[in-house]
Amino acid sequence: MTETTPNDLDYVLQRGGGALAAKMGIEFIEFSVDRAVATMPVEGNTQPAMLMHGGAYVVLGESLGSMSANLWAGTGKLAVGIDINATHTRSATSGIVTGVCTPIHLGRSMTVHEIAVSDDQGRRCSTIRITNLIKDLPAG
């Protein structure tokens, strides 16, 4: 759908990741249609037991998946999340987590991405799958 350069990190830097991503400390490291990578600190994103909050993993996953879908959608289009699920298999307790987003399906009206979130030791903590609907940008 969209013509991209090998790394479209400029797309994220120009558009921004949104207020929630900023509040969570998400940093975009690599960004293209084929692969997007971002990090997030564990500190400040924990539940009362001092483990990474499951919802924080999902925020990282949705940030990566939705931004990737919007890059794919191109000018004049908007990708919006219509389904997301997550399976948490490990709890990070310190350091940073890294999300790696890869497309499963890139279509004209829908995208599906998988985001693998790992801790500092490279152990997978969560697997997130997000589906985005691509529609025309609203007028105005």
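A disulfide is taken here as a pair of cysteine sulfur atoms within 2.5 Å. The model on screen is predicted, so local features need pLDDT of at least 70 and side-chain atom pairs count only at pLDDT 80 or more, while totals for chains, interfaces and linings use all residues. Residues are numbered from 1 along each chain as its sequence is written, and side-chain values use heavy atoms, with hydrogens and water left out.

**Stop 1: the cysteines**

Select C125 and show its sulfur. The closest cysteine sulfur belongs to C101 and is 17 Å away, too far for a bond. Seen from C101, the closest cysteine sulfur is that of C125, again at 17 Å. The structure holds zero disulfides. Both side chains can be checked for burial, where buried means under 20% relative accessible area, exposed over 50%, and partly exposed in between (1.4 Å probe, protein chains only). C125 is buried at 0% relative accessibility, and C101 is buried at 1%.

**Stop 2: H113**

H113 sits in strand β5, residues 110–118; helices (H or I, at least four residues) and strands (E, at least two) are DSSP runs, numbered from the N terminus. H113 has a relative accessible area of 1% and is buried. What is H113 in contact with, leaving aside its neighbours within four places in sequence? Its contacts (heavy atoms within 4.5 Å) include G65, S68 and A69, then C101, T102, P103, I104 and L106, and also I128, R129 and I130.

**Stop 3: R129 and D83**

The side chains of R129 and D83 meet in a salt bridge, 3.5 Å from N to O. D83 lies in strand β3 and R129 in strand β6, so this pair ties together parts that are 46 residues apart in sequence. A salt bridge here is a side-chain nitrogen of Lys or Arg within 4 Å of a carboxyl oxygen of Asp or Glu. The structure holds four of them. D83 is partly exposed at 34% relative accessibility, and R129 is partly exposed at 32%.

**Stop 4: D136 and K77**

Now select D136 and K77. They form a salt bridge whose closest N and O atoms are 2.6 Å apart. D136 is in strand β6 and K77 in strand β3 (residues 77–88), so the link joins parts that are 59 residues apart in sequence. D136 is exposed, with a relative accessible area of 52%, whereas K77 is partly exposed at 30%.

**Stop 5: D119 and R123**

Another salt bridge joins D119 to R123, with 2.8 Å between the closest N and O atoms. Is D119 buried or exposed? D119 counts as buried, at 7% relative accessibility, while R123 is partly exposed at 36%.

**Stop 6: a nonpolar surface patch**

Switch to a surface view and colour I82, M110 and L133. They form a nonpolar patch with about 240 Å² of accessible area together. Patches are made of residues with over 30% relative accessible area and no salt bridge, like charges being joined within 9 Å and nonpolar side chains (Val, Leu, Ile, Met, Phe, Trp, Tyr) within 5 Å. Accessible areas come from the Shrake-Rupley method with a 1.4 Å probe; for residues, only the protein chains shown count as cover. L133 belongs to strand β6, residues 124–136, and is partly exposed at 32%.

**Stop 7: M50**

Finish at M50, in the loop between β2 (36–41) and α3 (54–73). M50 is not a glycine, yet has a positive phi of about 70°. At 53% relative accessibility, M50 is exposed.
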